[in-house]
Amino acid sequence: MNMFLNISVDRFLHMPYIDYYLTWQVVCIKHPVLDFVFPYSTIWQRAHELSTLKGYSGYGAEQGENQLRASIASTYYANVGIEEDEIFVSDGAKSDISRFQVLFGSNVTMAVQDPSYPAYVDSSVIMGQTGQFQKDVEKYGNIAYMRCTPENEFFPDLSTVPRTDIIFFCSPNNPTGSAASREQLTKLVQFAKDNGSILIYDSAYAMYICDDSPKSIFEIPGAKEVAIEVSSFSKYAGFTGVRLGWTAIPKALLYSDGFPVAKDFNRIVCTSFNGASNIAQADGLACLSPDGFKGMMDVVGYYKENTAIIMETFKSLGYKVYGGKNAPYVWVHFPGRSSWEVFSEILEKTHVVTTPGSGFGPGGEGFVRVSAFGHRENVVEACRRFKELYK
Ligand SMILES: Cc1ncc(COP(=O)(O)O)c(C=O)c1O
């Protein structure tokens with residue numbers, strides 16, 4: 001069973017205890033997305049236009065509207081030379097992660113950070129790339145799990161990683177919240193180049209980076225020959241329900257026979273996806289206007305303040321915490337304890353939902369991920385309860 005489904009079941013079983021959701025509805029007086037991004041939204045206008053003869057539009061370009069592709073390229077990739085025709089607009093990063101699996105098929109091998117966002121491994125399982133699940137090590141066969149722990153500063157020891165066709169890498173990472181440095185990413189790009197691997201780089205949290213860690217893999221020289229970058233409006237503009245993301249595939253990325261990877265991806269997009277909703281695309285464009293972009297930065301800033309409150313809470317209780325600085329996630333270490341046990345303890349005793357680290361891979365055992373995506377009042381209340389529980 002999928003980890004998030006498991007958590008829902010757990011929530012349901014503990015329903016009598018749950019008041020986090022009641023608190024959510026009753027106490028919140030401010031919503032960062034509504035306050036900061038919504039004023040610049042054009043979603044109503046576009047939806048209304050669609051109901052008029054003049055404004056109605058049917059199928060659009062499968063790769064996304066040119067204006068939006070150009071705006072993504074100039075906003076996020078101006079300094080690295082990714083052009084608008086190298087951007088494919090999507091209905092979110094998760095959907096594109098599965099499209100990559102269709103792109104590469106079932107006969108490829110893959111490596112993944114351990115722990116990592118579950119969609120990489122799960123889509124690989126669905127595609128039939130993996131062997132059986134090995135219960136003793138909590139791993140699927142035929143996947144190279146690249147261990148990322150505090151001991152290696154959450155960057156894998158590449159000398160121990162076998163060659164694979166595909167490498168999934170997410171920075172800042174969900175769940176550990178750590179962002180890879182320029183030096184580390186330079187090593188990763190060289191590793192992919194040496195092995196003839198394709199690097200799928202997930203930058204869904206890049207706008208949370210506040211130090212000099214690269215925000216795009218294409219900041220690393222040579223990355224255009226080995227990498228694809230996938231990203232999303234979900235964590236910047238609250239588009240988790242609106243659904244909008246993109247993938248950047250440089251023209252310089254070629255298979256070993258010289259065929260461009262982007263051409264194959266274009267075929268997948270045209271065959272199994274008819275383009276993102278035109279309403280969502282209009283709103284994405286509004287987010288990339290100067291005011292909209294500032295709104296997204298304010299949303300990011302709001303969640304980062306939440307993160308600081310959560311970090312401080314666990315630190316004051318004597319726990320080692322990681323992440324937080326460049327990401328909206330705090331990775332809290334409970335040495336020697338099962339992460340599901342800690343998750344249940346927190347759920348039952350404080351009625352707050354966290355996420356057990358082992359759900360992100362065996363390397364997450366002993367950790368719990370605390371998310372900063374909440375209203376300030378709820379985060380403060382949750383932290384008060386954590387302090388009560390672990391004082
Ligand atoms: C690393 C990472 N990539 C992608 C996604 C999904 O993004 P989207 O909402 O665009 O599908 C998430 C969502 O949690 C994520 O954590």
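How exposed is glutamate 83? Glutamate 83 is partly exposed, with a relative accessible area of 45%; here buried means under 20% relative accessible area, exposed over 50% and partly exposed in between, with a 1.4 Å probe and protein chains only. The model is a predicted one, in which local features need pLDDT of at least 70 and side-chain atom pairs count only at pLDDT 80 or more, while totals for chains, interfaces and linings use all residues. Residues are numbered from 1 along each chain as its sequence is written, and side-chain values use heavy atoms, with hydrogens and water left out.

## Salt bridges

Let us stay with glutamate 83 for a moment. Its side chain meets that of lysine 251 in a salt bridge, 3.3 Å from N to O; the term stands for a side-chain nitrogen of Lys or Arg within 4 Å of a carboxyl oxygen of Asp or Glu. This pair links distant parts of the chain, 168 residues apart: lysine 251 is in the loop between β9 (245–248) and α10 (261–272), and glutamate 83 is in the loop between α5 (66–76) and β1 (87–90). Helices (H or I, at least four residues) and strands (E, at least two) are DSSP runs, numbered from the N terminus. Lysine 251 is partly exposed too, at 42% relative accessibility. Asp85 joins in as well, as Glu83, Asp85 and Lys251 are linked in a network of salt bridges.

The whole structure holds 18 salt bridges. Three of them are set side by side here.

| Pair | Closest N and O atoms |
|---|---|
| Glutamate 225 and lysine 193 | 3.3 Å |
| Arginine 337 and glutamate 345 | 3.1 Å |

Glutamate 225 forms a salt bridge with lysine 193. Glutamate 225 sits in the loop between β7 (198–202) and β8 (227–232) and lysine 193 in helix α8 (residues 182–195), so this pair ties together parts that are 32 residues apart in sequence. Both partners are partly exposed: glutamate 225 at 42% relative accessibility, lysine 193 with a relative accessible area of 35%.

## Helix packing

Glutamate 345 leads us on to the helices, as Glu345 is one of the α13 residues that meet α14. Two packed helices are described by the angle between their axes and the distance between the axes. Axes are lines fitted to C-alpha atoms, for helices over the stretch in contact, and angles run from 0 to 180 degrees between N-to-C directions.

Helix α13 (residues 339–350) packs against helix α14 (residues 376–390) at an angle of about 110 degrees, with the axes 10 Å apart. That makes α13 roughly perpendicular to α14; angles of 65 to 115 degrees get this label, those under 35 count as roughly parallel, those over 145 as roughly antiparallel and the rest as oblique. Val342, Glu345, Ile346, Lys349 and Thr350 of α13 meet Arg385, Phe386, Leu389 and Tyr390 of α14, where contact means heavy atoms within 4.5 Å.

Helix α14 also has α12 as a partner: their axes come within 10 Å and cross at roughly 5 degrees. The two helices are therefore roughly parallel to each other. Among the residues making this contact are Tyr302, Ile309 and Phe314 of α12 and Val379, Cys383 and Phe386 of α14.

Helix α12 (residues 290–316) also contains glycine 295. This glycine is buried, with a relative accessible area of 2%, and touches Phe36 and Val37, not counting residues up to four places away in sequence. The C-alpha atoms of glycine 295 and leucine 34 are 9.8 Å from each other, though the two residues are 261 apart along the chain.

Helix α5 has its own buried residues: Leu68, Arg69, Ser71, Ile72, Ala73 and Tyr76. They pack against β1, α9 (234–237), β9, α11 (278–287) and α12.

## Backbone details

The loops hold some backbone features to look at. A cis peptide bond joins aspartate 114 and proline 115, with omega about 10 degrees, and another joins asparagine 174 and proline 175, with omega about 20 degrees. Proline 115 lies in the loop between β2 (110–114) and α7 (119–127), and proline 175 in the loop between β6 (166–170) and α8.

Phenylalanine 154, although not a glycine, has a positive phi of about 60 degrees. Phenylalanine 154 is buried, with a relative accessible area of 8%.
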